[in-house]
Amino acid sequence: MTVARAPRLGERVVAPFGRRLCEVTRNLVAGGYRIFSALDPSGPMPAAGQFYMLAAESGWGGERGRPYVARAFSVADAERGDGDVRLDFLVQAVGPGTERLAALEEGEGLWIHGPLGRPFSAPHDLAPEAAGAILVGGGIGVAPLAIWRRQLLAAGVPARVLLGFRDRANSGGLDLFDCSEIRLASEDGHSGHRGLVTDLLAVLLEGDDARSAAVYACGPPAMLEAVRMMCAARGVVCELAMEAPMACGFGACFGCAAPLAGGGYIRLCVDGPVVRGDEIETALVPGSGH
Ligand SMILES: Cc1cc2nc3c(=O)[nH]c(=O)nc-3n(C[C@H](O)[C@H](O)[C@H](O)COP(=O)(O)OP(=O)(O)OC[C@H]3O[C@@H](n4cnc5c(N)ncnc54)[C@H](O)[C@@H]3O)c2cc1C
Ligand code: FES
């Protein structure tokens, strides 16, 4: 049996070979999204920023065909149990795969493969002067920031949280953060600052001590690109958890290519999904975001 110890900050956890069948233990409304949990019987504790390929045991593929391949999901939280690991996922239903996963019921089976990919790095590994963290989430992209905040706090690293949503229907998952110090923005003004989450980031980056924190962002491509450009202009280090169409999740299909700053491409499933802002040419990856 794998010993499910907590990963150290920035440690890449390697997935066991093959997929594993888990039992779904809950499925809750989370604003306009849903949170579902599954018990991983033998996998390791994931690191924040890593993802799993998920497929329901039933109602997947079959005669109607879609959904067929497993879907990529950031782990939103994880807790070690008695020989197993509870994994939490935040889902926004946008198509056949996410709709089936959002409808999972307690006791159903869920195939998982993971944890996969490169996780977030500790602030001091990105820049020696970075002692704290600023987490910037947009829409369903808040998911990996919830577990990252928890792991940072456990390591004694202060983290400020900025979250933005388009409107009430496209928002949720705040319960995963378990804290009252979140600064919110919404484009329709239903909560917090009326406008973009990058407006809140701009205020923090104006301070003289901007370089004392590393920025970590996950959200729609346009938001990630804005964060990348703002951090570059201020000389602040940042990591972006990116999305791309992922058919395999382990480097075989090349569906998830993203352009590097110096030329060439990376595969976001194995070289990401977390990348440093200065590593890539743009966060506007074709086919990403919805
Ligand atoms: C590393 C990673 C982590 C992710 N984490 C989460 C998560 O925590 N919660 C969550 O709800 N979703 C997450 N996604 C997105 C999720 O995988 C897609 O929404 C899902 O694959 C869509 O499948 P579908 O069958 O429901 O819809 P489809 O019919 O396949 O697509 C519906 C719409 O979503 C767009 N889309 C499809 N795949 C992606 C993708 N990979 N990225 C962006 N847009 C896409 C399509 O262009 C289309 O507009 C993540 C994706 C990646 C790559
Ligand atoms: S998803 Fe297949 S190579 Fe990245």
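Zero disulfides are counted in the structure, a disulfide being a pair of cysteine sulfur atoms within 2.5 Å. The structure is a predicted model, in which local features need pLDDT of at least 70 and side-chain atom pairs count only at pLDDT 80 or more, whereas totals for chains, interfaces and linings use all residues. Residues are numbered from 1 along each chain as its sequence is written, chains are lettered from A and ligands numbered from 1 in the order in which they are written, and side-chain values use heavy atoms, with hydrogens and water left out. For C22, the closest cysteine sulfur is that of C248, at 20 Å, which is too far for a bond. C22 is buried at a relative accessible area of 3%, and C269 is likewise buried, at 2%; buried denotes under 20% relative accessible area, exposed over 50%, and partly exposed the range in between (1.4 Å probe, protein chains only).

The shell around ligand 1 contains 23 residues, of which R71, A72, G97, T98 and E243 come nearest; a residue is near the ligand if one of its heavy atoms lies within 4 Å of it. Strand β4 (71–74), strand β6 (85–91) and helix α1 (96–102) each supply at least two residues of this shell, and the largest share, four residues, comes from β4. Helices (H or I, at least four residues) and strands (E, at least two) are DSSP runs, numbered from the N terminus. Contacts to ligand 1 include a polar side-chain atom of R66 at 3.1 Å from a ligand oxygen and a backbone N or O atom of Q92 at 2.9 Å from a ligand oxygen.

Since R20 belongs to strand β1 (residues 20–30) and D40 to strand β2 (residues 33–40), the pair ties together parts that are 20 residues apart in sequence. Both residues, R20 and D40, are buried. A further salt bridge is formed by R150 and D77 (3.0 Å, N to O). This pair links distant parts of the chain, 73 residues apart, with R150 in helix α3 (residues 143–154) and D77 in strand β5 (residues 77–80). R150 is partly exposed at 37% relative accessible area, whereas D77 is buried at 6%.

Methods
A polar contact is a pair of N or O atoms within 3.5 Å; within protein, one must be able to donate a hydrogen and the other to accept it, and residues adjacent in sequence count only if both atoms are side-chain atoms. A salt bridge is a side-chain nitrogen of Lys or Arg within 4 Å of a carboxyl oxygen of Asp or Glu.
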